Amino acid sequence: MVFGGYVKVHKSNKLYQYTVGDNAFIELDIQGPLPLPRADHSAVLINDSLVIFGGSDQDAGKLGDLWCFSLTLKRWQQFITSEDLQPRPRSGHSAVAHNGRMIVFGGNLGAAREVNEMLSWDAKTGNWSLIHSSKKVPGEEDRNSPVTALKLRKIRGGFSLEMREALEVNLGEEESERKILKKCEEADSPIVKIMENSVVMNARKSNEKISANIRAVSKFPCGRDGHAAQVHEDKLYIFGGDRCQIGYNDLFVFPLV
């Protein structure tokens with residue numbers, strides 16, 4: 001199943017089904033209410049339903065709605081929860097299905113405000129629950145964080161503490177942005193603060209081979225979007241992504257049970 005995304009310069013809300021035997025995509029003719037056209041949303045299969053969440057609309061506004069498409073009834077249904085339990089609108093997040101739940105991680109709230117929230121949506125009850133919440137969101141609570149996605153910019157004499165630790169360089173007051181950008185490009189995975197009870201594997205190239213340096217850590221990763229997520233043997237794996245146009249090459253493993 002493929003839903004939404006860009007079609008040339010516009011965003012779509014069409015739903016396609018791929019048939020392996022025919023090696024062909026078929027656009028489904030759906031009656032009733034439809035989700036808004038969008039891109040950068042998440043989509044997972046839970047039982048006989050395709051579940052989509054969030055994304056960005058035609059005007060680049062962030063969406064926070066959740067829709068389920070029944071593969072049996074061929075109809076969309078929107079799930080609306082109370083405002084205090086509704087996640088903040090976002091795009092570029094990840095989502096995976098696990099034991100009848102959708103686990104959502106990260107995403108961008110707008111204007112380079114990447115978060116590291118982890119949320120759970122229960123398909124049986126239709127309710128959201130919070131697993132982890134960002135203490136600070138760039139551009140909101142943390143006014144000293146880098147808040148532009150156009151370029152890296154020094155604020156009050158340097159980057160945030162997370163950026164300093166991530167790049168493992170001393171970003172002094174007199175160092176130019178050109179040198180900072182060069183060090184960003186040369187730096188290996190900018191590991192920041194990792195998930196509780198998780199493991200991070202930092203992959204580094206060596207003689208055209210990839211070796212993994214594994215170490216146990218005790219906190220969540222920094223906020224990010226555009227990352228990959230997968231579930232294997234009751235563990236959530238998150239890889240890569242970016243924050244303020246700094247790409248990540250780290251792998252996090254989080255136990256779901």
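**Aromatic contacts**

Q: With 7% relative accessibility, does Trp128 count as buried or exposed?
A: This is a predicted model, in which local features need pLDDT of at least 70 and side-chain atom pairs count only at pLDDT 80 or more, while totals for chains, interfaces and linings use all residues. Residues are numbered from 1 along each chain as its sequence is written, and side-chain values use heavy atoms, leaving out hydrogens and water. Buried means under 20% relative accessible area, exposed over 50% and partly exposed in between (1.4 Å probe, protein chains only). At 7%, Trp128 therefore counts as buried.

Q: How many aromatic pairs does the structure hold?
A: Rings of Phe, Tyr and Trp (its six-membered ring) pair if their centres lie within 6.5 Å; planes under 30 degrees apart are stacked, over 60 edge-to-face and the rest tilted. The number of aromatic pairs in the structure is 5.

Q: Why is the pair of Phe53 and Trp128 tilted?
A: The ring centres of Phe53 and Trp128 are 5.0 Å apart. The pair is tilted because the angle between its planes is 55°.

Q: How many residues apart in sequence are the parts that Phe53 and Trp128 tie together?
A: Strands are DSSP runs (E, at least two residues), numbered from the N terminus. Phe53 belongs to strand E5 (residues 49–56) and Trp128 to strand E11 (residues 128–132), so the separation in residues is 75.

Q: Which residue lies over the face of Tyr248?
A: A charge sits over a ring if NZ of Lys or CZ of Arg is within 6 Å of the ring centre and within 35 degrees of the ring normal. At 4.4 Å from the ring centre of Tyr248 lies Arg224.

Key: Helix = DSSP H or I, 4+ residues; strand = E, 2+ residues; numbered from the N terminus.
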